[in-house]
Structure formats: structure tokens, C-alpha cells
There are 2 protein chains.
Amino acid sequence: SNIFILAADLVVQLSPAPKSKPAEVDFGSVFTDHMLTVEWSLTEGWQAPLIRPFGNLSLHPACSSLHYGIQLFEGLKVYRGDDGRLRLFRPTLNMKRMASSAKRACLPAFDQSELLECIRRLVEIEQDWVPHSNSASLYIRPTFIGTEPSLGVKKPARALLYVILCQAGSYFDTKNEAVSLWADPKYTRAWKGGSGDCKMGGNYGCSLFAQYEAEDYGCQQVLWLYGDDQQITEAGTMNIFLHWINEDGEEELATPPLDGIILPGVTRQSILDITREWNEFLVSERYLTMAQLCSALRQQRVREMFGSGTAAMICPIGHIFYQGEITSRLAKELTDIQVGARTHARTQKTEVNDVSR
Amino acid sequence: SNIFILAADLVVQLSPAPKSKPAEVDFGSVFTDHMLTVEWSLTEGWQAPLIRPFGNLSLHPACSSLHYGIQLFEGLKVYRGDDGRLRLFRPTLNMKRMASSAKRACLPAFDQSELLECIRRLVEIEQDWVPHSNSASLYIRPTFIGTEPSLGVKKPARALLYVILCQAGSYFDTKNEAVSLWADPKYTRAWKGGSGDCKMGGNYGCSLFAQYEAEDYGCQQVLWLYGDDQQITEAGTMNIFLHWINEDGEEELATPPLDGIILPGVTRQSILDITREWNEFLVSERYLTMAQLCSALRQQRVREMFGSGTAAMICPIGHIFYQGEITSRLAKELTDIQVGARTHARTQKTEVNDVSR
């Protein structure tokens, strides 16, 4: 039995009927012609990876991914550069996080570099789907689910790892608009001793209800608070950054620390890496409470606030609806867009992963 | 478009090749010949319910149940009585909880009594699968999943409600054995502002890792603690009860209150209903901390402790592994079995739901 996924064993079955590429698409609804699937079982280990025509999965109705949330995913993008080459953005960070989520979900271990090589092969086959644009990209969604056909609550003895691809439209379209956040301590995204630092499905399904309550209040996303001191943790499905003059009068870019309830975002890490390289202001992973933010807003010490994530990249925050009123219209909504653009370009230079060989 | 599931529209497609019934089975791995499926979409509402041969589901690889844990389930049992009649145990409580989970998961509403009627029809068709035994039963697993083929984190515009059935072996086989619990505050099952009071998949997938750590310590289940005062909340996938002489010297049967982090178990509610009817000791929904339990154990004030749930019914607790040592061997391990048996018989009398008409 194979204890590793082996890219050398990859079998490719090309689609006899490739689709035409749509001009403009909503994120996450039009998929490419092929997908990667790798099956695992306790008795036989990893099967040969297979690139095959995109299509539905046939799943037993009792499988553990549908009943007990034994599932996880990743999200990363491939860009077409001005030089025509395709680049994955820091994919080793995604592989590492995927391995960490798999351990937490009691799904089997896999060889990260072998899986990445299989993904590279899939992207290579689908390269015509990568938009000819600096602002759009092809989104890669690795997914890993338990498929054992049993209702016992236990480690699955069968699992399926698969990767699908879809076009991600230009994020510049909506990027100028600052989002409004709804901050109410009555919902919690993640908690100490839970799985909020992993990309497991349950973290998202559980968050949806609050998202619609935010919309009922006229806001676009939830500002997730935690604990009695109402720590600021994440915004919607993004990490959060505050650029401010802190309590000690220092200019600081701050984001909550990875203490178990924060998703270790690749964009988050990239922003920290780059701004530390700039060495222009203090860059901190530290706790931030609503009381501290409100005080800073009153004293006009807030420069900007933004969310970060693979899908939105950098998302400026304009309003926070808190304790029944709009707390503030944050200043300099647009600065972060430039930060985002610079951040992104720089990070690509520091770690590129060419798809073409 | 149908805003309700309508049992009158039920379409039945009988299996041409029914399976032979196995003599003895593991829980949750052998399913009956048919399943109930009901499809829903935002544009067309609920489709006609369909009873059809049991088989795999064909799911889009991007569907929200596999990525974002938009999924929930229920569990209830049908018993064959000495009079030959089939009875569902308090199914309206399961339908009510299922509706509550659906709301929390942003899945559509359904008519509880119409769904129950569809389930009754399914059980009627599969009645030969109900064991001819007082101690075994047929387990019913309603499941509700988001099926929209899109990676957007949003309310699904398509969903599938389905019901599968499997034999549940005699729980008396293992019932005499008291289980050992591993109590470590480092993992949390559920938290205020989360979805621990709903039967959503994410609650279970997230708990699995701790379960295996418990086994590494030689224990069978996790005793889930909560908060700085280490409140006792649940045991494994069961509610928990403590029968003791409380701090005020009163004989008390206590279980944690439904404050948002406790699953509102049907067996839990039945135990409360029946013991209150007995009127023999104080019956309380109250907080219980590890400190209170340890103190009571030292002073020999603990009569018994047990878990409750649909699968295990009543599960006596023998040991708790806490802070590096076996805290206690609990007394009177067997009493609760009798309590369970009496509880069960009484509750069936107070609410029966005959399958046969």
C-alpha cells in the first residue's frame, strides 16, 4: 500500500469535449474541463493520482464528509504574468496548511510536494483557462473529504482528495469599495480548543447565519469578536489588519496573533513579511480589542483597516456597526489598495512557483 | 414553487432487488433497500418526495456541503414492540431539532409533520428490517445538505434532504461496561455563539481529534469541559448526567442547562421528564464544574454518572482521567442501566408514534 501520493504514478484521461471559456464569470461557479482525484483507503493507502474530465462525484449517502464535517479545503491562485508565464502564489504555504488541517480532521497524511506536483500538472493541462489579465486569475480549490460509508463517528477508513479549478474574476472591479462590518459579540467564529485555525468546512457553515444577520443590519461582513474583552479576530472569511497610532504613540500595523482561533492566512503572512521588510513602521501580531479600536477612533489614531485573503486580496473596511450605531467611517479607505498592490507584486518576486517547465 | 414538502406528492420506486437482512451488524454500516430523497431549489422550492432504491448520491464537487459544512443530521430509532407494532420514539422532537439546525445552517425550512409522514412511509416499506427484538432497533438518519455547485460562501440555492435507515444492534451487548472519560480543557466541543446546540456536521468533525487523544490515554470518550471554571458539558457525543448528593446535601440528578453549547438530546429530555414524574429526588438543569465533581467524589457524594443519547441510550461512566490521574471509579455503575430501562419504557408510553396504520 502506498503511504504517499506519488506524482510519478499520475494517470491523465483528457476530456473529449472541452468547454468554451466564458468571457466574464462569477467567482466559483464555472469550472475547467478536468479535475484531479486521489483516493485513499486504510487498507490500500493512496491510489494513483488521476486527472480526469470534470464531473460529479458518486458518494455513499452515509459518508462521513456529509454527516460529520470530515472535510477541509484550500484556496490558491495561479496568475499569468506579463511575461506570459504562469505562477502559483506561495503554494507551499497552502500545502503546509492543508496537511495541518488534515491532521486536525483525522484525515490521512500526504506528501505535500508530490501533491503540489500533481496540481502543477493539472494547471499545465488547463493553462488556457488562466485569464490573460493581470487582475484576474485561475482559482485552485484542493478539497479533502472522508468517504467511509458508515455512520460511526470515527476516523474515516476511506478518503478522497480532489482538486478543481475555476476562473476568478478581476478583484479590482469591487476593490475600490470599502466594506462595512457588523460587530456583535453574540456569534463566535472560532474558540480556543476548537478548529478555527484550520480550513475545515465546519468553520464556514457555522458562520453563515451571522453573515445574513449582518446583511439584515445593512452590513456586508461580520467582524468576529472573541471573549469578554471583545477581541477583534477576523472579518467575514478574511484576516484583519489595523494600521494605526497605537496606545504608545507608535505607528503600527497590527493583526491578531495565531493563537489557535485565527486562520493562518497566506495573504496575512505575506503582508507581515513585506511590511517587515519595508521597516517603515512597527509590524505586530498582537491582541486588539473593540475598546482599543473605539478609543483610537475617537482620538483619530486609526489610519486604515483592511481584511486580507486569497479571494479578496486586500479589502478596505469603511464602517463598523457596533452596539447599535455606526461606530466610525474609517479614514484613508484607499491607501490600503495601494498597499495591497505593492504587497502583492513584491511577494510574488520573493516566492514564485512557475507552472511551466 | 412548493414552499412545503408534501407527503401527498410522495413517489415510490421500489427496488427490484432487495438485499437479504444480515443476522448481526455493526452500527451504521448496513443500510436498507430504499432511501427517501427530497430536492429543494430557491427557484422551484421543494420537489415531490421520492422513495427510491438505496444508492450513491451524485454530487457536484463544488457543492457547499463538501466545502463549507452546510449539513446537518438527525438520529432516531424505530422499535418493534412485543405486540408486533412498530414505534418511533418521540420523533416530533427530532423534527423540531432538525428544523432548528436547518435555520442555523441557512438551509430552507420544511414542514415537520409532512417530513415525518414521508419517513413513516419509508419505515413502513422497510418494516421487515426492524429487528424482532426488544433490544435492537432500526436507526433512522435524516440528513440535510447544501448542494449548490458554487464556491461562494453563501446560503445554498440548492439543497437535498434525504433519509437512510440502518439496523442498530443490541445496545445491551456493551451496556454493562462503564466507559472511561478523558477530561482535558485543551479541546472544546462547542462554545457560546457557536452551533453546539445544533446537529451540524462541523461539531463532530472538529471533535474527532480529541477522541483519538482520549484513546491514546486509554480512555473511551472525551469529557468535554468549558470555560475557565471547567464546566462539565457533554461526554463524547452524549449528554451527561450526575446523580449525587449536591453541595446542599440534597439528592439530585443534574445535567447542564441548554445554554447554547449543549445539544438538546431527546434522550436527555426524556430522562428529565420521567425523573421529574418520579418526584423522588431533585432534578436540575444546572452548571456542574470539575471542582464540584472532584469535591463530591472525595466526599463520596457521587451516586452515579452517565451519558445519554439515541445510539447508546444510557451509558454508565466508570472512570474520569483528569489532570494526569484517574480521578475516581464511580460507584453504582449498574444502577443507571435500570434507570435507562425504566426511563425508556415509561417514555414510550407517554409518547408513541405508531408506524403502522
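## Ground rules and overall build

Helices (H or I, at least four residues) and strands (E, at least two) are DSSP runs, numbered from the N terminus. Counted this way, chain A has 9 helices and 20 strands. This is a predicted model, in which local features need pLDDT of at least 70 and side-chain atom pairs count only at pLDDT 80 or more, while totals for chains, interfaces and linings use all residues. Residues are numbered from 1 along each chain as its sequence is written, chains are lettered from A and ligands numbered from 1 in the order in which they are written, and side-chain values use heavy atoms, with hydrogens and water left out.

A residue is called buried when its relative accessible area is under 20%, exposed when that area is over 50%, and partly exposed in between (1.4 Å probe, protein chains only). Of the 357 residues in chain A, 62% are buried. Contact means heavy atoms within 4.5 Å. Take the contacts in chain A between residues at least 6 apart in sequence: 71% of these join residues at least 24 apart.

## The nonpolar core

In soluble globular proteins, nonpolar side chains tend to be buried together. A nonpolar core is here a set of buried Ala, Val, Leu, Ile, Met, Phe, Trp, Tyr and Cys residues joined through side-chain atoms within 4.5 Å. The largest such core has 120 residues, and those with the most contacts inside it are A:Leu36, A:Phe144, A:Leu161, B:Leu36, B:Phe144 and B:Leu161. Leaving aside neighbours within four places in sequence, B:Leu161 has contacts that include B:Ile5, B:Leu36, B:Trp46, B:Met98, B:Phe110 and B:Phe144.

## A strand residue that touches both chains

B:Leu59 lies in strand β5 (residues 57–59) of chain B and is buried, with a relative accessible area of 4%. Beyond its neighbours within four places in sequence, B:Leu59 is in contact with A:Asn56, A:Leu57, A:Leu59 and A:Leu66 from chain A, and with B:Ile145 and B:Thr147 from chain B. The C-alpha atoms of B:Leu59 and B:Tyr226, which are 167 residues apart along the chain, are separated by 37 Å.

## A lysine with a UniProt note

UniProt, in an unreviewed entry, lists A:Lys199 for "modified residue: N6-(pyridoxal phosphate)lysine". UniProt positions are given in the numbering used here, feature names are shortened, and annotations may be inferred rather than shown by experiment. A:Lys199 sits in the loop between β11 (179–183) and α5 (202–205) of chain A. Is this lysine buried or exposed? A:Lys199 counts as buried, at 10% relative accessibility. Leaving aside neighbours within four places in sequence, its contacts include A:Phe73, A:Glu74, A:Arg97, A:Ser101 and A:Tyr204.

Another loop of chain A, between β15 (251–255) and α7 (266–278), holds A:Gly260. Not counting residues up to four places away in sequence, A:Gly260 touches A:Gly196 and A:Asp197. The C-alpha atoms of A:Gly260 and A:Ser195 are 7.5 Å from each other, although 65 residues apart along the chain.

A disulfide is a covalent bond between the sulfur atoms of two cysteines. The test used here is a pair of cysteine sulfur atoms within 2.5 Å. How many disulfides does the structure hold over all chains? The structure holds 0. For A:Cys106, the closest cysteine sulfur belongs to B:Cys206 and is 10 Å away, so it is too far for a bond. For B:Cys166, the closest is in A:Cys63, at 14 Å, which is also too far for a bond. Both A:Cys106, at 9% relative accessibility, and B:Cys166, at 1%, are buried.

## Positive phi angles

Most residues other than glycine have a negative phi. B:Arg90 has a positive phi of about 45° although it is not a glycine. B:Arg90 is found in the loop between β8 (86–89) and α2 (91–104) of chain B, and is buried, with a relative accessible area of 10%.

B:Gln230, in the loop between β12 (221–226) and β13 (231–235) of chain B, has a positive phi near 50°. B:Gln230 is buried as well, at 17%. B:Gln300, which follows α8(B), has a positive phi near 55°.
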